[in-house]
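Here is a brief report on one chain. Start with the order of its elements, then turn to single residues.

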Amino acid sequence: MNDNEHRTIQALLPAYALGALEEEQATVAAHLAECPVCQAALTELEATLGLLALTAPPAQPTPGVKAALLARIDQEAQHASVPAQGDLPTPAEQPAAQLAPRTLPITRIPRSVMPLVALAAALIIGLLTWGIINQARLNQQQQQLAAKADEIALADTILNKPTAAFSMSAPTNGDGYGQTVAGYIYADPNSNVGLILAYWLPKINADQRFQIWLQRADGQRESAGTFTADVNNSAQVVVRTPANFAQYTTVGVTIEPAAGSAAPTGPSVCGAKIRP
């Protein structure tokens, strides 16, 4: 079977799953017997359509409908005659036609409405997929909020630990305030999360950022990300380091391009010694 015929079969799968095919039924069934790709697609389609039973609340019949149904059942039971045990024919006496299993007629959807059936199936699958995507986004947002709450709790712990506070000094003056850049970095040696509170930061261009640098005892520097200041030239930044703060001796901030730098290239803004 060529690609065009294969795509034709795939287009018929929604109607096949709903039992809406007529003469194409045998063609699709024969193809499914030999094509594992379409078998997997049909299995997934049938599973998706099966979820429809869970998407709507069960309908409750009205009291009048229920009473009418029970009355009809009672009426038919009274008119039904049950033959005596001796009158029942043995299996050998029953005609072959009576012994054959009965099959219920299959109601087929007219061919003229098959495109609508396929469209409805596609819309149903699309709505279910949209719901799954929205649920995934909601889960992601919940995870982000949980992570933010953990950050706030950790920052509160660090702020209340006197031995984790180190004063930051700067060689330059802040722009517009006439004050020297000042602030603190809170760094617990046993944690890789810290907090920088900086004030009177210099103004920078839109294509620039402040970048945080961590220096080890051997002079090697590692980046801890970039940040910007608020309208008051202040910043409160959560710092995440590659290793615990015990591995670093100095924390510094420089002015770098917006994308950040692999090594310090701009002027130093402020810094603090956090280890001997």
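## Fold order

Read from the N terminus, the elements of the chain run α-α-α-α-α-α-β-β-β-β-β-β-β-β. That gives 6 helices and 8 strands. Both kinds of element are DSSP runs, numbered from the N terminus: helices are H or I with at least four residues, strands are E with at least two.

This is a predicted model, in which local features need pLDDT of at least 70 and side-chain atom pairs count only at pLDDT 80 or more, while totals for chains, interfaces and linings use all residues. Residues are numbered from 1 along each chain as its sequence is written, and side-chain values use heavy atoms, with hydrogens and water left out.

## Burial and contacts

The chain has 276 residues, and 28% of them count as buried. Buried means under 20% relative accessible area, exposed over 50%, and partly exposed in between (1.4 Å probe, protein chains only). The chain exposes about 18300 Å². Carbon and sulfur atoms supply 58% of that area. The areas come from the Shrake-Rupley method with a 1.4 Å probe; for residues, only the protein chains shown count as cover.

Residues 24 or more positions apart account for 60% of them.

## One side of H2

Helix H2 spans residues 24-32. Glu24, Val28, His31 and Leu32 are buried in it. These residues lie on the same side of H2, because they cover an arc of only 100° around the axis. The arc is that of the directions from the helix axis to the C-beta atoms. An α-helix has 3.6 residues a turn, so residues three or four places apart point the same way.

## Aromatic pairs

The structure holds 3 aromatic pairs. One of them joins Tyr184 and Tyr186: the ring centres are 6.3 Å apart and the planes stand at 40°, so the pair is tilted. Rings of Phe, Tyr and Trp (its six-membered ring) pair if their centres lie within 6.5 Å; planes under 30 degrees apart count as stacked, over 60 as edge-to-face and the rest as tilted.

Tyr184 has 40% relative accessibility, so it counts as partly exposed. Tyr186 has 12% and counts as buried.

## Cysteines

The structure holds 0 disulfides (pairs of cysteine sulfur atoms within 2.5 Å). Cys35 is in no disulfide; its nearest cysteine sulfur is that of Cys38, 3.6 Å away. Cys35 counts as buried at 9% relative accessibility. Cys38 is in no disulfide either, and it counts as buried at 1%.

Notes
Contact means heavy atoms within 4.5 Å.
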